[in-house]
Amino acid sequence: MKSLLKEISVIPGVLAACIFAREGGLVCAEAGAGFPEDRTGQAALHFFRLVQMAGMNKLNIKSTVFRFDRYTIVCFPLDRGAVLIVVCDPQANSSLVATTAAMLLDDILRELGKSFPSAPWGNPG
Amino acid sequence: MALNEGERQAGIFGGVSLPSFLQMLEQERKSCTLIVRSEDREGRLYFNDGVLIDAQSLGALGREAAFAILSWENPSLHVDRPEDRMHRIRQPLAHILLDYATLRDEEGGAGAAAAEESAIPLFDCGSDHPDPVVRGVARHIVSIRGIRHYYFLNRQGNVITQSSRTLKLGDFITYCIVSGIQMRKVLDARGPSRIQLGFQNGETLLILPGAGMIIGLLLDGMTAVDEIVEQLRPALTGKAGPDRA
């Protein structure tokens, strides 16, 4: 899992990435120097709740981008009650980040399946 | 009155002029999408309960698109299910037809052709909201292609106005803002200046928190978010000015 997150974190402007699961909390994190891992986990929890709220409104989120002054956060809901979030510099190519993450989603899900074989399939919501 | 299955499958209508068919839809209080084809062009006229609420053709929307469609020769007509659209047309159908006829008589058809090519929107109204700022931004929004619906919320997260009759997204938009504020605290940052949600059905929800209000825009799948933001910038920064109509 760590190696998959590394593939995202090597993109220029990516500061940190993590996978957060309903079962297990912060599953895996990859953060550069000076960016605390626990922050990505807390941000991921807020996105996890947002995906749950979307599900209650019959909205099926594919990806979400939050733009702040210092960061851009690119988020994806995963199957098995998990989410992936990537923290980027505001000037980072968020489109490339999103495309790379989408490309790796199947591999991430496969790894998640090994970590949480009992977790149900489906969006976090 | 929505069309029943038999009416939706009626397909091409021949021997009836387009204005006559439009008047029939109005009289019968139909809710439907009328797809008009002529040569390699296609346009759509949207009816809700017999009221023409919007039109779309090539690069045009609203009344401008309706004029363009009316100018086409030998159109074929197809009726499809209704769509929940923004009200880009506020005039009664009779006024639209009369204005089109006047334009055609005065300009020998050149006016309608020019309207089809023109990039200048000819919208009648954006929103009826009493606040001129809201009305001005709404009017600007309805002129932008690719925006399906708008939602205006106040700072407390209550809906001020929305263009969709059926899709209630106000609470969800507010929750997105709340999530963004929570993330901001975690990250020790300012914002969010923009939240962009892509859905599995291809639509995008763009949320723009502002000083005075929060704007949520539901976009078509193929719409470029940065282009929408760029087109909206004059209205959001107040450079377009409040609507004084």
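In the predicted model, the side chains of A:R70 and B:D188 form a salt bridge, with an N to O distance of 3.8 Å. Across the interface of chain B and chain A, one salt bridge is found. Polar contacts between chain B and chain A amount to 10 residue pairs, with both residues at pLDDT 80 or more.

On the side of chain B that touches chain A, α7 (170–187) and β8 (194–199) each contribute at least two residues. The greatest contribution to this side comes from α7(B), which provides 10 residues. By residue class, the side of chain B that touches chain A consists of 12 nonpolar, eight polar and four charged residues.

The contact as a whole involves 26 residues from chain A and 24 residues from chain B. The size of an interface is often expressed as the accessible area lost when the parts come together. For chain B and chain A, the buried area is about 2,400 Å², of which 67% lies on carbon and sulfur atoms. Within chain B, the residues that lose the most area to chain A are B:M183, B:V186 and B:L187, which together account for 28% of what that side buries.

Strand pairing also links the two chains.

Notes
Residues numbered from 1 in each chain as written. Chains lettered and ligands numbered in written order. Predicted model: local features only at pLDDT ≥ 70, side-chain atom pairs only at ≥ 80, totals over all residues. Heavy atoms only, no water. Contact = heavy atoms within 4.5 Å. Buried area = accessible area lost by both parts, 1.4 Å probe. Salt bridge = Lys/Arg side-chain N within 4 Å of Asp/Glu carboxyl O. Polar contact = N/O pair within 3.5 Å; in protein donor to acceptor, adjacent residues only side chain to side chain. Helix = DSSP H or I, 4+ residues; strand = E, 2+ residues; numbered from the N terminus. Nonpolar A, V, L, I, M, F, W, Y, C, P; charged D, E, K, R; others polar. Pairing = 2+ DSSP bridges.
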